Amino acid sequence: MRKFLINVNGNSYEVEVEEIRDGVAATPVAAPAPKAAPAPKAAPAAAPKAASKAAAPALVPAGANTITAPMPGTILSVNVKVGDTVKKGQVLCILEAMKMENEIMASGDGKVASIAVNAGDSVNTGQVLIVLE
């Protein structure tokens, strides 16, 4: 076992690493399992904020078509307003994920009933972006 001190986002963690040679541990492990590294203080503070945003109920009328985020990312722009009439394939908003700009398009013709996001918002996979009726 070798011990290392690793810094992640300004937090220091002490970790033990076991070397493996030819698929077998090089040194037998007689000690108990290593302690789990403490969670960074920033992560718990960020998690409730994201959870509360995702937990907010989206008002979806019966028979409405919801446009959801296909992947986590950041909304760069919203190209429609509530009340706009849209055609199938029309770009509704731009979602940036992994430094790529992804066009989120209407899955069918309809009228924009509500918009659940604004430019600059972070979204998770499956989060409702726009509701069409």
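Reader: Asn-9 first. Is Asn-9 buried or exposed?
Author: This is a predicted model, so read every value as a property of the prediction. The general idea is a threshold: a residue over 50% relative accessible area counts as exposed. Asn-9 has 78%, so Asn-9 is exposed.

Reader: Where is Asn-9 found?
Author: In the loop between E1 and E2. These two strands form a hairpin, with 2 residues between them. Asn-9 is in that turn.

Reader: What is the phi of Asn-9?
Author: Near 50 degrees. That is a positive value in a residue other than glycine.

Reader: How many residues of E1 are buried?
Author: The general idea here is that side chains in a regular strand alternate between the two faces of the sheet. Then count burial for this strand. Of the 7 residues of E1, the number buried is 0, so E1 lies largely in the open.

Reader: Which residues form the nonpolar patch on the surface?
Author: Phe-4, Ile-6, Val-8 and Val-17. Together they have about 300 Å² of accessible area. Strand E1, residues 2–8, gives the largest share of the patch, with 3 residues. Phe-4 lies in this strand. At a relative accessible area of 36%, Phe-4 falls between the 20% and 50% limits, so Phe-4 is partly exposed.

Reader: Now the sheet. In what order do the strands of the open sheet run?
Author: Four names give the order: E9-E8-E6-E11. The pairing is antiparallel.

Reader: Which strands stand at the edges?
Author: Strand E9 (100–105) and strand E11 (122–123). Each has a single partner strand, so one side of each is left without a neighbour in the sheet.

Reader: How many bridges join E8 to E9?
Author: There are 6, and the two strands run antiparallel. Strand E8 covers residues 91–97.

Reader: Next, Val-80. Is Val-80 buried or exposed?
Author: Val-80 has a relative accessible area of 7%. The cut-off for burial is under 20%, so Val-80 is buried. Its place is in the loop between strand E6 (73–78) and strand E7 (85–86).

Reader: What does Val-80 touch, beyond residues up to four places away in sequence?
Author: Val-86, Gln-90, Leu-92, Val-112, Ile-115 and Ile-130. Take Leu-92 for scale. Val-80 and Leu-92 are 12 residues apart in sequence, and 5.9 Å apart in space, C-alpha to C-alpha.

Reader: Where is the place of Gln-127?
Author: In the loop between E11 and strand E12 (128–132). Gln-127 has a relative accessible area of 16%, so Gln-127 counts as buried. Leaving out residues up to four places away in sequence, Gln-127 touches Ile-67, Thr-68, Ala-69, Val-117 and Ser-122.

Reader: Now the whole chain. How many helices and strands are there?
Author: There are 1 helix and 12 strands. Along the sequence, the pattern is β-β-β-β-α-β-β-β-β-β-β-β-β.

Reader: What share of the residues is buried?
Author: 20% of the 133 residues count as buried. The accessible surface of the chain comes to about 9,300 Å². Carbon and sulfur atoms account for 57% of that surface.

Reader: What share of the contacts joins residues at least 24 apart?
Author: 51%, among contacts between residues at least 6 apart in sequence.

Reader: Last, confidence. What is the mean pLDDT of the chain?
Author: The mean is 79, and 69% of the residues reach 70 or more. Over residues 46–57 the pLDDT is below 50. Beyond near neighbours in sequence, that stretch has 2 contacts in the model.

Key
Residues are numbered from 1 along each chain as its sequence is written. This is a predicted model: local features need pLDDT of at least 70, side-chain atom pairs count only at pLDDT 80 or more; totals for chains, interfaces and linings use all residues. Side-chain values use heavy atoms; hydrogens and water are left out. pLDDT is the predictor's confidence in each residue, from 0 to 100. Contact means heavy atoms within 4.5 Å. Buried means under 20% relative accessible area, exposed over 50%, partly exposed in between (1.4 Å probe, protein chains only). Accessible areas come from the Shrake-Rupley method with a 1.4 Å probe; for residues, only the protein chains shown count as cover. Patches are made of residues with over 30% relative accessible area and no salt bridge: like charges are joined within 9 Å, nonpolar side chains (Val, Leu, Ile, Met, Phe, Trp, Tyr) within 5 Å. A salt bridge is a side-chain nitrogen of Lys or Arg within 4 Å of a carboxyl oxygen of Asp or Glu. Two strands pair if DSSP finds at least two bridges between them.
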